[in-house]
Amino acid sequence: MNECQTADTGEAKRQPPQGKLPILSLSALGIVFGDIGTSPLYTFKAILGTAEQSADAGVVLGSLSLVLWTLFIITTVKYVSFAMRVDNDGEGGILALMALLGVKKQQRPTIVAVGLFGAALIYGDGAITPAISVLSALEGLNLATPAFQPYVVPAAVAILLALFAIQSQGTATIGHFFGPVMLVWFVAIALMGISGIVQHPSVFAALNPVYGLSYLFSHGPTGFLVLGAVFLCVTGAEALYADMGHFGRKPITLAWFAIVFPSLILNYAGQSALVLEGAPTDGNIFFRLCPGPWLIPLVVLATVATIIASQSIITGAFSMTRQAIQLGWLPRLRIKQTSSEGYGQIYVGVVNWLLMIVTLGLTIGFGKSDNLAAAYGIAVSLTMLMTSALLFIAMREIWGWSILAAGAVASFFLVIDGAFFLANLTKIAEGGYVPLVLAVSVYGVMWIWHRGAAAVLTRMHEALIPIPEFMAGIASKNVPRVPGTAVFLTRTERDTPPVMVWHVRHNRALHEHLFVLRVEILPVPWVRSRDRITIEQVADNFWRAEARFGFMERPHIPELLTASKSLGCTIDLGDVTYYVGHETVVGREDSKGLPAWQEQFFSVMERNAVHVSDFFSLPSDQVVEIGRQVSI
């Protein structure tokens, strides 16, 4: 066996951004904390609306206590202290966690189902977050004068249209301002909170969890239902884990403890203190903390902050889409790299426009942030519930904890996540069905695509010809051998690739040098250079290679082969032709294949997927496509 190993080619393994820890933490403010950082705009208002009682001290202090301890348990304990310590080569998020747990194809179907549905739910969050955030910010204008009220929704629609329209241009330039702007935002909401606290300092009694538990268990169904509104304070907590690969754990942790967590505590406490002082509870409590002359500047700052939060959610949806494509759970989509500064600076047109349509529909359909609050939370709470289930497996298999220790910690998280999910489940009729419908739709697309791709591969393996038998047939039939190198891309793991058989059958000739390449996307973010490619010589002038990429890498086959040549692989790359197969999917006549509706749906996705030559960065003038029908 002749094995050649190459250095990383194509997209090199991305290293964490270089720089001092405070600078990275500042950058994280603009990417990671936009969602959770703008939640004070609507959370306390939603809580008081759900409580349906006079805002007496018991209600206010109980609600504040629930918010503070939810922030501590969910964000600080679960995500910062536990989840962010379970990384997949530096990457986080539910898909990376799913891949880390040894998932490949369908070897662990339960884990696959949990991970994929959790990822699908994030798309629902990605559609709702921009709508509720921008609406909440603009509704502050109503305190300045009711004359602005008819223009809130049109202004929100205009801002969101502009936000989605500029995605294709990338955000590398303005992205440098995200961190400083969010720093100003957090300082502003902290100062506003302090101004409220000085009016009623006893509000910090809510740090005692007894207040929260007392309210929860003494107010019957209302005490339980208010959990759905309380949960809004941590709707961006999943981003701490999902965006970990951009900055690393330490910068995110520093930003959380030094800036974000204290600012949120102060602001929620300030809103509560203002209510205890007798401030009106109609309208938005958040904006009542602001002195009158500063109201308009605050609305502008809040709008910019919510745009940044929305941008982070959209970018996260793009990144998750690419991971799903690389792992084989979505069809190949056209991905545009919008900047050379970072691998995460990408644009996925289909995802962008679909998110825009749904977001604008939610903005217009619900009209007010109060109404959207009912739809918000159910997707994130269910994602968090699924993350807790996967964390239990990670504690057992990765950390080696005993089942008693892992079960105790995971059960604690599951009980809390389950309570929040059940409380949010009561909102289904009021709009909570929206993210669930979106999630089921995305999950269905993932499931059908993977099922169809597996069926195609199975059919290909049914008619494989061993290489010695194929080469003997070439010799016995005097098939002409023409100069140059033919690189055949295949999905089969052994024998002669079907595309080579089709080529000889149609063209009645074969190149002198043959190179069969199978590309595998591994369930890890990055592949080490020494593990990139393995090449085996299976006959004279005939090599078969296995190339491996991580799900965060961009396959670039020409560069890979060039590196192989430079390290001594004796293949002629001076005159290369790439051969790729193009399968036209049809239904099987023996009724043993996929149901007709699945086959037809998969066929539509296959026809509209990005061409494999583009996906692997093959030069278009050196690619020959050979088509055939495959019945599944």
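1. Which residue in E7 is the bridge partner of Ala486? The partner is Thr577. The model is predicted, with local features needing pLDDT of at least 70 and side-chain atom pairs counting only at pLDDT 80 or more, while totals for chains, interfaces and linings use all residues. Residues are numbered from 1 along each chain as its sequence is written, and side-chain values use heavy atoms, with hydrogens and water left out.

2. Strand E3 (residues 481–490) pairs in the parallel sense with strand E7 (residues 576–586) over four bridges, where strands are DSSP runs of at least two residues (E) and helices of at least four (H or I), numbered from the N terminus, and pairing requires at least two DSSP bridges between two strands. Eight bridges join E3 to strand E4 (residues 510–522), again in parallel, and here Phe488 stands opposite Val516.

3. Seven of the 10 residues of E3 are buried, that is, under 20% relative accessible area, with exposed meaning over 50% and partly exposed in between (1.4 Å probe, protein chains only).

4. The open sheet has six strands in the order E5-E6-E4-E3-E7-E8, with mixed pairing. Its edge strands, which each pair on one side only, are E5 (533–539) and E8 (623–631).

5. Lys427, in the loop between helix H20 (403–425) and helix H21 (433–461), is buried yet has no salt bridge, meaning a side-chain nitrogen of Lys or Arg within 4 Å of a carboxyl oxygen of Asp or Glu. The nearest side chain of opposite charge, Glu430, is 7.4 Å away, with Lys and Arg counted as positive, Asp and Glu as negative, and His and the chain ends not counted.
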